[in-house]
Structures are given as C-alpha cells and as structure tokens.
Amino acid sequence: MHCAEVGKPLIKFNHCKKSIYSFGVPQRCPLCQKDMGSRKLEEAPVSIANPFTNGHQEKCSFLLRPTQGTFLREYDGRSDLHVGITNTKGVVYNYNVYGVQRDGTGWEQSISVPLLQPNMYGLMDQWDKYLEDFSTSGAWLPHRYEEDGHNCYTYALTFINCVLTTEGKEPLDKSEFTEKHVVPRTRLASKYITVYRATEERGFYVTDHADRERHPPSSGGLC
Ligand SMILES: [Zn+2]
C-alpha cells in the first residue's frame, strides 16, 4: 500500500436519496443518523477510482505532477505542472533548468499516461537505453532550457515522438497530445480533488444522484 502518497481511499454510498462520499463506511448515515449496518443492495458502498498513481511504479509512462507540492494538497487547477518519462525501473527522467534529472523519488502522486501497448516487449527491452541516449543529447543541456519554448514538455514530447517514429507511427504535436491524453485525466483529477478535500474537511461530502461519478477511461497506448 502507498496510501500516504496517493491519499486515503475514497468511497461512495447512497443514503437519504443522496450520494455520500467518505473515507470508509460510517456507522451511521451522516445525514439522517440511521444505522448503516443493515443496508440494502443499492446502498452498498463503492470505491472511487483514484486518478493518482505512484509514478515510480509505472514503467515507460508519461507522468504529470505539480511543479510545487502535490495534487491533493496544493494543486489549484492553475498551478504549473512538471512532466517526465519513466524508465522500466521507475526512474523519472525530466528536464528542467539544471538539465535532465533522473529522479528516484518525488513522483509518488502523479497522473500517469502509459506510453507502450502491453504487447510491445521488443521496445520495452530497448526503452532504458533509448531514454538514456536521448537524454544525453546536447539538446537537453541546462543552458538550452527556456521556460516557454524548450522545457520539460518539449523534452518529453520529443522523446515520445522518437518512440512513435520507431514504431512507424505519425508524431503528435503538443496540443494533440494534451487534448487526447492529458486533459481527460486532469479534468478527472480536478473533480476527485474537490471531493477529496471536502471530505477531508467535513468527514463526508454529499451530492445529488444526478451528479454521477465518472470512472477514468481505460488506459491504453499512445495511438
Ligand atoms: Zn441517511
């Protein structure tokens, strides 16, 4: 378990014609105070999918996290995000003003986009070498860094496009990649953060049934 990094597990149950979120099933309904022991099937609690993963346990993935702090505590929807790419051992390669960093910690609460289809073992064998060779190229020296034009995103996307080219696929531009892979996940994360923080503050969070919780899309490769 790595609850400390990705937060406490959030559950949802139905009572009083409402959807109620909490960290674990309470003895009594927080709205009507009735005993929750003998509940009907439709009141059975379900766990809410956590949009965050420990990036150091993800192989060959694109990761996102706030540049400062964590999603659950500090992220406000406008915070700067930092991105990186994991190798097969969970080391996160990322580019900043100091050049390419190889982080063994610090990405425990990330949004992850897997970059390889599960059947691409050939490429996975080469992944660490590709990533290392790519990272030692002169393009990613510290003095080349520019906050707006040549940053962590440029580094990660250039690498992803090298992989796609190797696979004989078309490269993606930044807005295409963001629209297709990043925005759906950050949108989901923002909803989760809202519910999580409200639950943490009051012990529970209530919505009408109409406000249905959506589950994250099943993860796939890049294309
Ligand atoms: Zn109730």
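**Talking through the model**

Modeller: This is a predicted model. UniProt, in an unreviewed entry, annotates residues 45–198 as "domain: MKRN2 opposite strand protein-like C-terminal".

Biologist: How much helix and strand is in residues 45–198?
Modeller: That span is 36% helix and 18% strand. Its end C-alpha atoms lie 18 Å apart.

Biologist: And which residues does UniProt list for the N-terminal one?
Modeller: The unreviewed entry gives residues 8–35 for "domain: MKRN2 opposite strand protein-like N-terminal". That stretch has 0% helix and 36% strand, with 24 Å between its end C-alpha atoms.

Biologist: What about the chain, how many helices and strands?
Modeller: Four helices and nine strands. Starting at the N terminus, the order is α-β-β-β-β-β-β-β-β-α-α-α-β.

Biologist: OK, switching to the inside. Which residues touch the most other members in the largest nonpolar core?
Modeller: Phe62, Leu63, Ala156 and Ile193 do, out of 33 residues in that core. At least two core residues come from each of β4 (61–66), β5 (81–86), β6 (92–96), β8 (111–114), α2 (121–135), α3 (152–166) and α4 (174–202).

Biologist: Which element gives the most to this core?
Modeller: α3, which contributes six residues.

Biologist: Back to Ile193, what is that residue in contact with?
Modeller: Once you skip neighbours within four places in sequence, Ile193 contacts Phe71, Leu72 and Tyr75.

Biologist: How much of the chain counts as buried?
Modeller: 25% of the 223 residues. As for contacts between residues at least 6 apart in sequence, 67% of them join residues at least 24 apart.

Biologist: Last topic, confidence. What's the mean pLDDT?
Modeller: The chain averages 88, and 91% of its residues reach 70 or more. Over residues 213–223, though, pLDDT is below 50. In the model that stretch still has 16 contacts beyond near neighbours in sequence.

Note on methods:
Residues numbered from 1 in each chain as written. Predicted model: local features only at pLDDT ≥ 70, side-chain atom pairs only at ≥ 80, totals over all residues. UniProt positions renumbered as here; feature names shortened; annotations may be inferred. Core = buried A, V, L, I, M, F, W, Y, C linked by C-beta atoms within 7 Å. Buried ≥ 20, exposed ≤ 12 C-beta atoms within 10 Å, placed from the backbone. Contact = placed C-beta atoms within 7 Å. pLDDT = per-residue confidence, 0-100.
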